[in-house]
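Here is a short report on a protein model. Please look over the sequence and the structure first.

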Amino acid sequence: MTVDATPDNKPDVAAEARTPFSLINFLVRYGVLLIFAILLITFWTTVPGFGSANNIISIFQAQAVAGIAALGMTLAAVVGDLDLSVGATAGLSVTVAAMTMISFNLTGGTAIIFCILAGVVVGSVNAILIVVLKIPDLLATLGMMFTVQGLKKWLTDGQTLTTGMRLPSGRVVKGKFTNSFAAIDGNNVLGVPISVWIFVIIGILVWVFLEKTRYGRVFYAVGGNPEAARLAGARVSRYRFGAYLMSGVLAAIAGIILASRLRQGDVTAGDSALLDAVAMTLIGYAVLGAKKPNALGTFVGALFIGTILQGLTQIGLSYYTQDLIKGLVLVFALLMSFSLRRREKRPQNA
């Protein structure tokens, strides 16, 4: 996956000021935000209570899991790759948390440590396959996705771990999700769920890392032209390894929030997070005409999809209709930004 990016990717403000107003240029930069605003106004005026504070917070909370996984995927995309294993890694984190607390009756803090370690292991294996063994990123992470999905089913004998269940061995499990662990998605701080705070803080940290640090600029340089970055002195393999490691850890954190929400070891948990994470990352390319993976765009993409799902749910549309409309809006938003951008450049290149 190639990223069209330069190390800085900052717009030439003076040049833009001299350029006469162009409707196409306006749509390229603000098309996704324009659709987002239209959706907000439509739902706000037609769905009772849509604009309430509680409803807005619930959109953030619903998107926290896929949003954090998408931020990890964004880091891999910045260095020119794509991590398709984030959903499976989040699901593995759910299984590990359930086994730690339900099967082995350990504490919530121990479960969090094991979940993070699971994310580190998956991220490291991805990095070894791609960076060391030179396997294409899509094939390696796709293979890892199936491997992790099989692993979590093997660990639980394909069953959903719940408190008081009887294992195939005949043993009845006595553990349960601790109150402290369940508080991650169940308790509020200043009226906002802890999971939402985690989502927002991680979003800010990833944005600061990519946009305000030297390491973030090198990430973009590696994704834009790895050979040029290598000749400039960047240790490309280390940066790509780090990107996959961080992607695995963020997917594990997403799984911790999901486990806190479900309070059971559902073997199918996290599977749906992959497609939403991909959609959020791709929408991020089109936000403000960035045409590159970026944390702000991914965060906006998460809210964009969350608003669609919440609004359509409150209208009462069936779930399959929601998927159809979500997909069409996503395609329209991306076409408006990428297709129009190419049309705008064509006369200049002729």
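## Basis of the report

This is a predicted model, in which local features need pLDDT of at least 70 and side-chain atom pairs count only at pLDDT 80 or more, while totals for chains, interfaces and linings use all residues. Residues are numbered from 1 along each chain as its sequence is written, and side-chain values use heavy atoms, with hydrogens and water left out.

## Overall makeup

The protein has 14 helices and two strands. Both are DSSP runs numbered from the N terminus: helices are H or I with at least four residues, strands are E with at least two. Of the 350 residues, 49% are buried. Buried means under 20% relative accessible area, exposed means over 50%, and partly exposed lies in between (1.4 Å probe, protein chains only).

The exposed surface comes to about 16,600 Å², and carbon and sulfur atoms supply 66% of it. Areas come from the Shrake-Rupley method with a 1.4 Å probe; for residues, only the protein chains shown count as cover. Take the contacts between residues at least 6 apart in sequence: 77% of them join residues at least 24 apart. A contact is heavy atoms within 4.5 Å.

## Nonpolar cores

The largest nonpolar core holds 90 residues, and Phe181, Val206, Leu210, Phe219 and Phe304 touch the most other members. Helix α3 (residues 53–78) gives the most to this core, with twelve residues. A second, separate core has five residues, including Ala76, Ala127, Ala140 and Tyr244. Such a core is a set of buried Ala, Val, Leu, Ile, Met, Phe, Trp, Tyr and Cys residues joined through side-chain atoms within 4.5 Å.

What does Leu210 touch? Leaving out residues up to four places away in sequence, its partners are Leu75, Val78, Gly216, Arg217, Phe219, Tyr220 and Ala295.

## Helix α7 against α11

The axes of α7 (residues 179–186) and α11 (residues 236–262) come within 7 Å and cross at roughly 100 degrees. Axes are lines fitted to C-alpha atoms, for helices over the stretch in contact, and angles run from 0 to 180 degrees between N-to-C directions. The two helices are therefore roughly perpendicular. Angles of 65 to 115 degrees count as roughly perpendicular, under 35 as roughly parallel, over 145 as roughly antiparallel and the rest as oblique.

By class, this contact has seven nonpolar, two polar and two charged residues. Here Ala, Val, Leu, Ile, Met, Phe, Trp, Tyr, Cys and Pro count as nonpolar, Asp, Glu, Lys and Arg as charged, and the others, Gly among them, as polar. Phe181, Ala182, Ala183, Ile184 and Asp185 of α7 are buried. The buried residues of α7 pack against α3, α4 (86–103), α5, α8 (194–212) and α11.

## Helix α8 against α13

Helices α8 and α13 (residues 295–315) pack at about 155 degrees, with axes 8 Å apart. They are therefore roughly antiparallel. From α8, Phe199, Val200, Gly203, Val206, Trp207 and Leu210 meet Ala295, Leu296, Phe299 and Ala302 of α13. The contact has nine nonpolar residues, one polar and no charged.

## Positive phi angles

Most residues other than glycine have a negative phi. Lys134 has a positive phi, near 65 degrees. Lys134 sits in the loop between α5 (108–132) and α6 (137–155). Lys134 is exposed, at 60% relative accessible area.

Leu190 also has a positive phi, near 60 degrees. Its place is the loop between β1 (188–189) and β2 (192–193). Is Leu190 buried or exposed? Leu190 is exposed, with a relative accessible area of 78%.
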